[in-house]
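Here is a short briefing on the structure shown below.

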Amino acid sequence: MADAAMTDHGAHAVHAHHHPDLQHHFDSLEQQHEAATLGMWMFLITEVLFFGGLFLAYMLYRIWYPEAWAEGSYQLNLMLGTINTVVLIGSSLTMALAVRSAQTGGQRATVVWLILTMLLGLVFLIIKYFEYAEKFEHHHVPGHNFAFPGPHSPQVQIYFSLYFLMTGLHATHMLIGFGLLSVISWMAHKKRFSPAWYTPVEMSGLYWHFVDIVWIFLFPLLYLVDRAHVPVG
Amino acid sequence: MATQTAPLVAAPAVTYLNHETTVASWLLTKDHKRIGIMYLLVVTFAFALGGVFASGIRLELATPAGDLVSADTYNKLFTMHGVAMVFFVLIPAVPAILGNFVLPLMLGAKDVAFPKLNLLSWYIFVIGFLFTVYAMLARGVDTGWTFYTPYSSRASNSNVMMTGIGVFITGFSSILTGLNFMVTIHRMRAPGLTWFRLPLFVWAVYATSLVQVLGTPVIAITVLSLAIERFLGFGIFDPALGGDPVLFQHMFWFYSHPAVYIMILPPMGAISEVIACFSRKSVFGYSFVAFSSLAIAIFGFLVWAHHLFVAGISVYSALVFSFLTYAVAIPSAVKTFNWAATMYRAAIWLKAPMIWAIAFLGLFLVGGLTGLFTAALGVDVHIHDTYFVVAHFHFIMVGGAIMGYFAGLHFWWPKITGRMYSDIWAKVAAIIVFAGFNLTFGPQFILGYMGMPRRYHVYPPEYQVLNVLSSAGASILAVGYLLVGIYLVASLFKGERVGANPWHATGLEWTTQSPPLPHNFETQPVVTEDAYEYATREVKVG
Amino acid sequence: MAHVAPKTLYYTIFGALMVLTIVTVEVATHNFGALNFPVAIGIAITKATLVILFFMHAKYSSTLTKLFIGTAFFFLGIMLVLTMSDYLSRGLHTYTGGAGGPGYSVRQPRPPAVLKIDEGESHGGAAEGAADPSH
């Protein structure tokens, strides 16, 4: 790294010698890429703890109110939830393939895989919308209009509070991911990426996979509580 | 002392301050040094705001009767004092101001890893601050900065949501800054700058960043859940549905306890630098101090329920947390011993930064030890929610963190501005602050021990004398802080210009001009020696 | 990332994730008693691990990255475990009139504040089925 001493900001002649995407405070594309990767993983760490708080609340109340949890979970549509899980994992596959295409210089393939990822994400959100709409109709949204039969109704309201908080937060992250992927797809379409520099695709991929992982946990925790029993009321 | 006859120094031709001077060049800057200064402006304003609220508190408490403000207004005063000071002064002060300015310089880097993200952090900070200030001015918040449910989620009529949103937004500033610093330290150290050659300030900032990244998201989700509960009627903490309000406390303190280590670790880092420089000696037990920073950060995550001892948690879990709380005091003690050992038999150069640092040592010691009182379960039953606790945390936060911040500010001021402030006035201010501080908070230990509860605007007449002393102390403290502001601002116009290294200190930041170039260094520095090689320096000082 | 994974790797991992998804749904619809929850969580952890290692390339990343990933889950674990250490030990302190009140425990979760006391159904049976991660 000693030869980095040569990079003097006054002399713009040296600009011709470095990649246009190399930012000035870094000495090499490799250093920049390592920094970006580390930074994105660190951001994902914060996301783990962010969702983690809700998992804590979930854990406590599931231990305290197993019947309410079973009753609440039974209200969720298992088929739609399973489809959504398959769809989202599928979108992770297409995302991984998009990163791989960018890595190997496949310009068109990158765009195609990215668009597919977004489409699958859109399917997920549409299904989610229908699930939410159904909850709204059945008065399962916590708050003033909540209504649920049976003696565990107050605790079922807690269950649904967590359901909406967790899936809502997840859906918000998906929307952000959408925005991210739109920008990246556009850049890929403009042929901005190459095997030498495709960092934004890779970073978006990490984010998208994380969102998938959250759902991998949400699915069993919310949809698969005591499905073997048909709860009373 | 007779000032060392330094040759008159001319201002450097190009500095980060003068190379571009439009407003846009500041508001759109990616320069970590300018961003540090922008934080300084907002934090100073927040400090003044918090001080105004504190003045309201101490004025009311000068008399036993609730004659100045109503109980509701008093609740708002202490809440907003806490919110302003915790989230907008103590958390960002050293990391966002001094860390931003000094860290890349100390590492021999041109900037932090993500300069644009750094600017975004500042904007997020400002937006969060604006939300919170609006909440304070519009209707105030009266829940205490701790926002305990169910009062905050159901009963309070005040601007809980607005403040919650402000705090939520500001949290992201803290997270992104921490993330930025950690990546910078991992990936942008100068050639030859191995981990164990790093100045201890860097270790402190690293440990702090770890806490910021791991802890802040939890308060984010807690405040978000609170806001949604309040706004949409969701019920996670609601006892009427079977929810547990203590869960809120668990989640809140999971961040807020490590948060106090965010507040104290960077000032401790600054203290290491100051004590080394003004003792002309390497910090005693360098690796112990370095590892203690990490230990404080990690252990700090294991003790939060000591805030819940009387909230209804199980006795067994309280025992565990009490034990862990004693354990977390150990690395802090190690650091304190090491600083003292650094000063032992050293040729102390008693300039202003050193006065602040010595004051820190004494006050932090008292603050830390009184924490141990509260960590004992039986004792805590009596002193929880009394003025003893208030005194304890003010000794740490003001006597410790703010003193450490001032020590760092006075140490790096010539580097930041290229000017030296009046040493005499700085020492006078330090002594005034020290005296005022002790008069304000010393009596509060006794008040708490005698049973005066916190967060009440009335008290029995037998507590008045001590309260009056405390309020008198607060006015002296205010004078001291104002004085600091005055001579520091004056130095910008009339201060003697200094060269690259007025303190003859070690550290890469002192090898470049004052104020630094926009891109920090002319050529990439290379490091070949350990952090505090004062022994090999042949400069006579003092 | 210097390492280019072959496409077949991604398809294989996807296949494994699909299989695991089907298994988890299948298992959930049968009554395995106290095992239902650990199996569900175990499968979720396995799926997440596959995504992290292969889709996110953690397997081919630096040791520092792996350390960071571990740190995230370690601290999440601390938050969950230490908090639950409070809730799960509350029932142990069962002397009447003491701070614990009537014995709260995992088997008899604390009843909500406003419900009437005369609840005929026993909580013990229902608690067996789905949610017993602590034992």
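In this predicted model, 18 residues of chain B are in contact with 16 residues of chain C. Chain A meets chain C through 47 of its own residues and 49 from chain C.

**Chain B with chain C**

- On the chain B side, α8 (200-232), α9 (245-279) and α11 (315-343) each give two or more residues.
- The largest share comes from α11(B), with four residues.
- By class, this side of chain B has 13 nonpolar and five polar residues, and no charged ones.

**Chain A with chain C**

- The contact takes 47 residues from chain A and 49 residues from chain C.
- Five helices of chain A supply at least two residues each: α1, α2 (66-74), α3 (78-103), α5 (153-189) and α6 (199-223).
- α1(A) gives the most, with 14 residues.
- The chain A side divides into 30 nonpolar, 10 polar and seven charged residues.

**Chain A with chain B: one helix pair**

- The axes of α1(A), residues 29-64, and α8(B) come within 8 Å of each other.
- They cross at roughly 40°, so the two helices are oblique to each other.
- The crossing of α1(A) and α8(B) is right-handed.
- α1(A) brings A:M42, A:I45, A:T46, A:L49, A:F50, A:G53 and A:L54 to this contact.
- From α8(B), the residues they meet are B:V213, B:L214, B:P217, B:V218, B:A220, B:I221 and B:T222.
- By class, this contact has 11 nonpolar and three polar residues, with no charged residues.

**Chain C on its own**

- Chain C has four helices and zero strands.
- Its elements run α-α-α-α from the N terminus on.
- Of the 135 residues in chain C, 30% are buried.
- Take the contacts in chain C between residues at least 6 apart in sequence: 43% of them join residues at least 24 apart.

**Helix α2 of chain C**

- α2(C) covers residues 36-55 and has 20 residues.
- From first C-alpha to last, α2(C) reaches 28 Å, close to the 28 Å expected at 1.5 Å a residue.
- The buried residues of α2(C) are C:N36, C:F37, C:A40, C:I43, C:A44, C:K47, C:L50, C:V51, C:I52, C:F54 and C:F55.
- These buried residues pack against α3 and α6 of chain A, and also against α1 (7-28) and α3 (63-89) of chain C.
- Just after α2(C), C:H57 takes a positive phi of about 65°.

**Backbone exceptions**

- Most residues other than glycine have a negative phi, and most peptide bonds are trans. The cases below depart from that pattern.
- The peptide bond from B:T149 to B:P150 is cis, with omega near -5°. B:P150 sits in the loop between α5 (115-138) and α6 (151-155) of chain B.
- B:S514 and B:P515 are also joined by a cis peptide bond, with omega about -15°. B:P515 is in the segment after β2 (496-497) of chain B.
- A:D226 is not a glycine, yet its phi is positive, near 55°. A:D226 is in the segment after α6 of chain A.
- A:D226 has 22 other C-beta atoms within 10 Å, so it is buried.
- B:R280 has a positive phi of about 55°, and it is not a glycine either. B:R280 lies in the loop between α9 and α10 (286-299) of chain B.
- B:R280 counts as buried because it has 20 C-beta neighbours inside 10 Å; the cut-off is 20 or more.

How values were computed. Residues numbered from 1 in each chain as written. Chains lettered and ligands numbered in written order. Predicted model: local features only at pLDDT ≥ 70, side-chain atom pairs only at ≥ 80, totals over all residues. Contact = placed C-beta atoms within 7 Å. Nonpolar A, V, L, I, M, F, W, Y, C, P; charged D, E, K, R; others polar. Axes fitted to C-alpha atoms, helices over the stretch in contact; angles between N-to-C directions. Parallel < 35°, antiparallel > 145°, perpendicular 65-115°, else oblique. Left-handed = near helix turned anticlockwise from the far one by under 90°. Buried ≥ 20, exposed ≤ 12 C-beta atoms within 10 Å, placed from the backbone. Expected span 1.5 Å × (residues − 1).
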